[in-house]
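User: I am new to this structure. Please take me through the ligand site and the terms used for it.

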Amino acid sequence: MGGSKKVEEIVENFVVEIERDPVILAYFDGADINRFIDKLSEQICHRTGGPCEYSGDTMEQVHGGMNITEADFNRTVDLLINAMNKADVPHPLQNKVLRVLAPTRDEMLYL
Ligand code: HEM
């Protein structure tokens with residue numbers, strides 16, 4: 001994945017993208033952003049082959065009550081793609097990240 005520095009860069013860029021998007025930012029009202037950065041980095045590292053373990057809550061627990069719409073889920077994925085482009089992540093690797101995160105969709109919509 002290019003190491004933990006690359007994952008951190010992606011996640012930091014992702015937070016900047018979220019901060020610029022009023023629709024998605026609204027979901028983060030009251031969220032602990034440092035924890036988000038920490039746990040999301042762990043999860044990307046874990047799902048792309050380690051060596052980190054994910055120590056956060058399950059995707060159901062975290063997102064279940066948020067009533068995230070399909071459109072907003074897709075919008076968030078676009079923000080993640082922007083974040084990876086700005087971190088110069090090559091496209092095959094971007095596809096890998098998106099592929100391993102895709103199953104989270106069913107763990108957070110319509111719960
Ligand atoms: C692309 C798939 C996604 C993944 C892999 C993901 C992953 C995560 C992770 C790992 C956390 C931290 C969990 C913890 O604190 O234990 C988190 C928190 C959060 N996520 Fe997501 N997420 C995704 C999509 C979304 C979407 C689409 C939204 C809303 C539109 C969203 C809103 C939030 C919010 C608001 C928090 C912070 C909760 C809090 O601190 O109270 N996430 N997410």
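Analyst: Asp-57 puts a backbone N or O atom 2.8 Å from an oxygen atom of the ligand. This is a predicted model: local features need pLDDT of at least 70, side-chain atom pairs count only at pLDDT 80 or more, and totals for chains, interfaces and linings use all residues. Residues are numbered from 1 along each chain as its sequence is written, and side-chain values use heavy atoms, with hydrogens and water left out.

User: Why is His-63 called buried?

Analyst: Buried means under 20% relative accessible area, computed with a 1.4 Å probe on protein chains only. His-63 has 15%, so His-63 is buried. His-63 lies in helix H4. An unreviewed UniProt entry lists His-63 under "binding site"; such annotations may be inferred rather than shown by experiment.

User: Which residues surround the ligand, and of what class are they?

Analyst: The shell has 22 residues, and the closest are Tyr-27, Arg-35, Gln-43, Asp-57 and His-63. A residue is near a molecule if one of its heavy atoms lies within 4 Å of it. By class, 13 are nonpolar, 5 polar and 4 charged. H3 gives the largest share, 5 residues.

Terms used. A polar contact is a pair of N or O atoms within 3.5 Å; within protein, one must be able to donate a hydrogen and the other to accept it, and residues adjacent in sequence count only if both atoms are side-chain atoms. Helices (H or I, at least four residues) and strands (E, at least two) are DSSP runs, numbered from the N terminus. Ala, Val, Leu, Ile, Met, Phe, Trp, Tyr, Cys and Pro count as nonpolar, Asp, Glu, Lys and Arg as charged, and the others, Gly among them, as polar. Buried means under 20% relative accessible area, exposed over 50%, partly exposed in between (1.4 Å probe, protein chains only).
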